[in-house]
Amino acid sequence: MDTSADNTNLKSQYAAQINTDLERNSADHERLSSEITALQQQLLVLENNRALLLGMQQSLGDEAAAAVPENTDVSGSENGSSAARKSADRSPTRKPNKKTDAASGKRKGTESGGNRSKRMREASAPTLRDLIHGDLTQHGEPRSAAEVTATLTRALPDREIKATVVRSTLESLVAKGEAHRTKQQRSVLYSATAPDAAAGAAERSAASSS
C-alpha cells in the first residue's frame with residue numbers, strides 16, 4: 001500500500017511539473033512571435049523609407065543620386081545607383097550633333113542631350129502614388145492631404161504636386177486597403193495600413209472584381 005501511494009504522489013508531481021513547463025513554453029512562444037512580427041514590420045518600414053528617399057534624391061538630379069551609399073540588402077537600391085552612375089559616365093563622352101545652323105553656324109545637339117537626361121531622370125523617379133504611400137508609412141501618425149502635399153513639395157521643389165491630385169491618390173489608396181481614412185472634427189486624415197491588412201484588402205478587391 002505504501003508503494004502504491006508513493007507512485008501516485010510521484011505521478012502527480014510529474015504531471016504538475018509538465019503542466020508548468022507547458023505553460024512557460026506557451027508564454028515564451030507567444031512573446032517571441034510578437035517580437036518577430038514587430039521586427040518584420042519595422043524592417044518593412046525601413047525598406048519603404050529607403051525607397052522613398054532614393055526616389056527623392058534621383059529626382060533631384062544625378063549628383064544627389066550618385067551620393068547614395070550602396071546597400072545590397074535593400075531591393076532595387078544597387079540597380080538605381082548603378083543606373084545613375086552609367087548615365088553620368090555616358091554624358092561627357094557623348095558626341096554632340098554636328099549639324100550646324102545655316103544662319104548662325106552654331107552647333108545643335110546640346111539642348112537635345114539635356115532633354116534626354118531629363119527624361120531619363122523622370123523615368124527612374126518613383127510615381128506620386130509611391131511617394132504618398134511612403135510618406136504615410138514614414139510618419140506613421142494620421143496626416144491630412146495638405147500636410148502630405150506640403151512635405152512632398154518641399155522634398156521635390158522641381159516637381160509640380162497639386163493638392164487635388166494628392167487627395168485623389170490618397171482616396172485610391174484607401175479604396176485598395178493600403179491606407180485608412182479618419183475624420184477629426186472637420187478634418188480628414190489618412191494613415192498607412194499594416195502590410196497584412198493591405199494584402200487582405202487587395203485579395204478581397206481582386207476577388208470581388210473577378
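## Exercises on a predicted model

Seven salt bridges are present in the structure, a salt bridge being a side-chain nitrogen of Lys or Arg within 4 Å of a carboxyl oxygen of Asp or Glu. The model is predicted, so local features need pLDDT of at least 70 and side-chain atom pairs count only at pLDDT 80 or more, while totals for chains, interfaces and linings use all residues. Residues are numbered from 1 along each chain as its sequence is written, and side-chain values use heavy atoms, with hydrogens and water left out.

**Exercise 1.** Determine how Asp28 and Arg31 are placed in helix H1, and state the N to O distance of their salt bridge.

*Solution.* 
- Step 1: the side chains of Asp28 and Arg31 meet at 3.8 Å, N to O.
- Step 2: the two residues are three apart in helix H1, and therefore about one helical turn separates them. Helices (H or I, at least four residues) and strands (E, at least two) are DSSP runs, numbered from the N terminus.
- Step 3: Asp28 has a relative accessible area of 33% and is partly exposed; Arg31, at 42%, is also partly exposed. The classes are buried under 20% relative accessible area, exposed over 50%, and partly exposed in between (1.4 Å probe, protein chains only).
- Step 4: through salt bridges that share partners, Asp28, Arg31 and Glu35 form one network.

**Exercise 2.** Find which parts of the chain the salt bridge between Glu178 and Arg129 ties together, and examine the bridge between Arg143 and Asp135.

*Solution.* 
- Step 1: in the Glu178 to Arg129 bridge, the closest N and O atoms are 3.4 Å apart.
- Step 2: Glu178 is in the loop between H7 and S2 and Arg129 is in helix H5, so this pair ties together parts 49 residues apart in sequence.
- Step 3: Glu178 is partly exposed at 24%, and Arg129 is partly exposed at 25%.
- Step 4: for Arg143 and Asp135 the closest N and O atoms are 2.9 Å apart, and both residues are buried.

**Exercise 3.** Identify the members of the largest nonpolar core that touch the most other members, and list the contacts of Leu170.

*Solution.* 
- Step 1: a nonpolar core is a set of buried Ala, Val, Leu, Ile, Met, Phe, Trp, Tyr and Cys residues joined through side-chain atoms within 4.5 Å.
- Step 2: the largest such core has 17 residues, of which Ile132, Leu136, Leu152 and Leu170 touch the most other members.
- Step 3: at least two residues of this core come from each of helix H1 (2–60), helix H5 (128–139), helix H6 (145–155) and helix H7 (163–175).
- Step 4: leaving aside residues up to four places away in sequence, Leu170 touches Ile132, Leu136, Ala145 and Tyr190, where contact means heavy atoms within 4.5 Å.
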